[in-house]
Amino acid sequence: MTISPKYSFLLALFFLCFNFELIAKPFESTYEPLPSVNVLIKNANIYDGEGNELLQTDILINDRKIAAIGKDLPVTDDFEVIDASGKWVTPGIIDIHSHMGVYPAPGVRTSSDGNEATSPVTADVWAEHSMWVQDPQYTLALSGGVTAFHVLPGSANLIGGRGVTVKNLQRVTINSMKFPNAPHSLKMACGENPKRVYGNRQQAPSTRMGNIAGYRKAWIEAEAYLNRLNEYESKSDEAKEMGYKPPRDLELDTLAGVLRGEILVHNHCYRADEMASMIDVAKEFGYKITAFHHGVEAYKIADLLAENNICGALWADWWGFKHEAYDMVQANIAIVDQAKGGTGCAIVHSDDAIGIQHLNQEASKALSAGIRAGYDISKARAMNWITSNPAKAAGIYDQTGSLKVGKNADVVIWSKNPFSVYALAETVFIDGGLAYDRESGFYPSSDFDIGIINSNKNRLEE
Amino acid sequence: MFTKIFKTFLCLVFVGSLFADTTLIKNATIYDGVKNIPFEGNILIENGTIKRISSANMQADFVIDASGMIVTPGIIGTDTNIGIVEIGALSVTRDDSSDIYSIGFSIHDAFNPKSTLIPWNRSNGVTSALSLPQNTSSPIGGLGSYFLLDGELDITSNKDIVMIGNVGGSSNKSRAETFAVMDDLLSFASSINARDLSSDSDIADLIEGSPIADFMELHPRDVKALFKLVNDNLPLIISTHRASDILKLIELKEKYSLNLIIKGAQDASLVASQIAESNIPLIINPINNIPDSFDELASNIQMASRLEKKGIDIMFNTPRSHNFHLVRQGAGVAVANGMSYEAAIKAITSTPANVFNIDQRGEIKTGYFADIVVWDADPLEPSSMPEYVFINGKAIDLTTRSSRLRDRYTTQPEKPNTYRN
């Protein structure tokens, strides 16, 4: 069937005016990967991110994907061969909690763009519109094997706005860093931060009960908005033409996206009792919490998290900076992982530009604490905490997060077992493109790094 | 189950050592905090001190077989607020600042030996610590003290053994002003005679006669501290990063013969030769490679290794005292990036003891206090933990609030939570 230009113009106009859902989404990813290299990594020890350890095994990267994993894969002229004897290979590391770009280095007031702390509910703001693409911290994370990370707004607000998942490839625009087809997230925050920020201004919320009331009021509005939208969208085309179109609301767009299951909720929450209350709020309004972040007390309700399929995105050992972070247990991550017969979802997160460079070490601390607490957890399983589990929580597990044939070739070669402090990421591939190579000094430099100490050198050059 | 056995075991060790006059740690791989290579040996502890280190077999009331384990001196925290800050964001638990005093503000009398940071850091191998106040209103000022982390209410400490200060990028003034104030204060301090300090009213006269002291509204305590700084060779830790600031501080050090230590020093590799020549020890966080301000552009993960090659005395810190023990992880990262293992051990043991004149600690040496850690594996692997920690020769119970919470939520499921141990 062909459509006359005139008719198609009218049709387009019709959609533009009456159905904003069908407008091409703004701020779509324009990501283009690095030049593709076809590589055969020989004789590596592998943690595949699915809980398996494969010793002295080959892995083939072809046309940006993991093409094969197995013993003695044939060497051909089509592939560059890397001898990884004695080395370790893992999926690219993923951080589910980063503020790189929204709190870039140098940490100066003028680029401190992580908290729109002007109202307790700012579901309308998107972290990607604050991210500084020239933040020199991305490269440092890359040197720690990080291939993708999820950037969230800060925790000043009850509902802080949308988070974004990006490839760890520094580019000139944020859209060209965005992870293709990754869902947005919604940052929510419990506890001390929102009640402190707004309580200090003599406005709500100033208490934890004020916090909960604040979320519920927002979700009641979102429910009503979604009902109006659904009602309108269920009408016939003629009825739509005659009827009143619900006015668009940026804040409620985001919240309705959560209620529709399109946007994943990432909830900053330390205390066990508050996490439990947040689960009730989610049930009241029919949305799902993908992960609680920080959750210093997650071990107290590990079974509840597992029953509700909620991940705990946690530190290995941070504590004491706030009262709600006082009850730290180093086995927290392991306890969450082992809940309900090992069906829990544990993630090691950083929330820190130094920590993101050493997530393997953070996982190592969490693992050893778990073993000391009496759990039988393998290193191969602990590797999931920084690869497949964060990939699942970011909604990109179908594309990355483990070394499976057909997935994106996001691959790290480590000098030693990555659970050792002495292990260094030597080579990092993102989508089958060489992003980092320690030995040859191949790594990206942000514009910030150029000529800033000595005009003829980059910042990290000696 | 494992935990339970382990706890019982530790408990027995603890009780055993309480009644032991002598303890022997045998077959240990010893990093004594000074020598560049480890050695195998037996350490005999008697009356709180190291009686003998030998390859010969010795008898003791209590014997630990440390075969395959690494033994080091207890870690000395060089830059902490242990005992003076319990919860960072709760001002009622913070005792690290003063409204009245600046240069002479001492945190010593605020030290809480029952802080939960003490058992936690101790069970992770930190046996003593230098606690420092926040920066004061004066660019030079605030006194830090050294504390043994034995948790006893009858504290063992070295009071006011170090002064702090800072200079660098600031939102409200030029660093040129900061250097001028430092110079004026030091010049004032150098002009003071001991007899001028005989009474507070004499000191008040001194203050009135000094434009800088008068302008800064110094108190007699402040003046006494300044006097001590320039006359008693008191270690002065200045926080700064930028290379040009480091050079400026070297000038001040030479001019006033200061016992200068520089903390932070993220640009240090740009002026490493000058730092080495001026014999300035550094306190650095080896894991911090973030160019977090315009003063820290040379931040680099290889900094520790580069400075070691210049022969500079290096100590390590970490910004969060709750987990000060994570200096071990920083030290491990430094080694992964080129520093020698031995220098990394020194940086958290003997170097701080030497720099801050802490007598008879920081090394495993005959006659020294027995502050000793027996590690279950390589102490620079953050996954390793102490098997035994000795402070003044006493085996420390490694139970912490954190381990209690862990056990409460992983054992005794038959009881309601709050009725568990």
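**Briefing on a predicted two-chain model**

In chain A, A:P205 sits in the loop that links helix 3 (192-199) to helix 4 (208-233). The structure is a predicted model, and chain A has an average pLDDT of 95.

**Cis peptide bonds**

- A cis peptide bond is also found between A:A105 and A:P106, where omega is about -10 degrees.
- A:P106 belongs to the loop between strand 6 and helix 2 of chain A.

**Positive phi angles**

- A:K340 is not a glycine, yet its phi is positive, near 50 degrees.
- This lysine, A:K340, is part of helix 9 of chain A, which covers residues 332-342.
- A:K340 counts as exposed because it has 12 C-beta neighbours inside 10 Å, and the cut-off for exposed is 12 or fewer.
- In chain B, B:N27 is another residue other than glycine with a positive phi, near 60 degrees.
- B:N27 lies in strand 1 of chain B, residues 22-30.
- B:N27 has 17 C-beta neighbours inside 10 Å, so it counts as partly exposed.
- B:Q412, which follows helix 13 of chain B, has a positive phi near 55 degrees.

**The sheet in chain A**

- An open sheet of 8 strands is formed in chain A, with the order 6-7-8-9-10-11-12-13 and mixed pairing.
- Strand 6 (93-98) and strand 13 (346-348) of chain A are at the edges; each has a single partner strand, so one side of each has no neighbour in the sheet.
- From one strand to the next, the twist averages 25 degrees.
- Strands of a sheet pair through backbone hydrogen bonds, and the pairing is either parallel or antiparallel.
- Strand 10 (residues 264-269) and strand 11 (residues 289-294) of chain A run parallel and are joined by 5 bridges.
- A:V265 has A:I289, in strand 11 of chain A, as its bridge partner.
- Helix 10 of chain A lies across strand 6 and strand 13 of chain A, and its direction is at about 130 degrees to strand 13.

**Contact between chains A and B**

- Chain A gives 38 residues to the contact, and chain B gives 35 residues.
- On the side of chain A that touches chain B, the elements giving two or more residues are helix 2 (137-142) and helix 10 (359-372) of chain A.
- Helix 10 of chain A supplies the largest share of that side, 4 residues.
- Sorted by class, the side of chain A that touches chain B holds 22 nonpolar, 10 polar and 6 charged residues.

**Buried residues in chain B**

- Helix 13 of chain B spans residues 401-410, and its buried residues include B:S402, B:S403, B:R406, B:D407 and B:Y409.
- An α-helix has 3.6 residues a turn, so residues three or four places apart point the same way.

**Confidence in chain A**

- In chain A, 95% of the residues score at least 70 in pLDDT.
- Residues 1-6 of chain A keep a pLDDT under 50, and the model has 1 contact beyond four places in sequence for them.
- Over residues 8-23 of chain A, pLDDT also stays under 50, and the model has 7 contacts beyond four places in sequence for this stretch.
- Where pLDDT is low, the predicted coordinates should not be read in detail.

Terms used. Residues are numbered from 1 along each chain as its sequence is written. Chains are lettered from A and ligands numbered from 1 in the order in which they are written. This is a predicted model: local features need pLDDT of at least 70, side-chain atom pairs count only at pLDDT 80 or more; totals for chains, interfaces and linings use all residues. Two residues are in contact if their C-beta atoms, placed from the backbone, lie within 7 Å. Ala, Val, Leu, Ile, Met, Phe, Trp, Tyr, Cys and Pro count as nonpolar, Asp, Glu, Lys and Arg as charged, and the others, Gly among them, as polar. Two strands pair if DSSP finds at least two bridges between them. Axes are lines fitted to C-alpha atoms, for helices over the stretch in contact, and angles run from 0 to 180 degrees between N-to-C directions. A residue is buried if 20 or more other C-beta atoms lie within 10 Å of its own, exposed if 12 or fewer, and partly exposed in between; C-beta atoms are placed from the backbone. pLDDT is the predictor's confidence in each residue, from 0 to 100.
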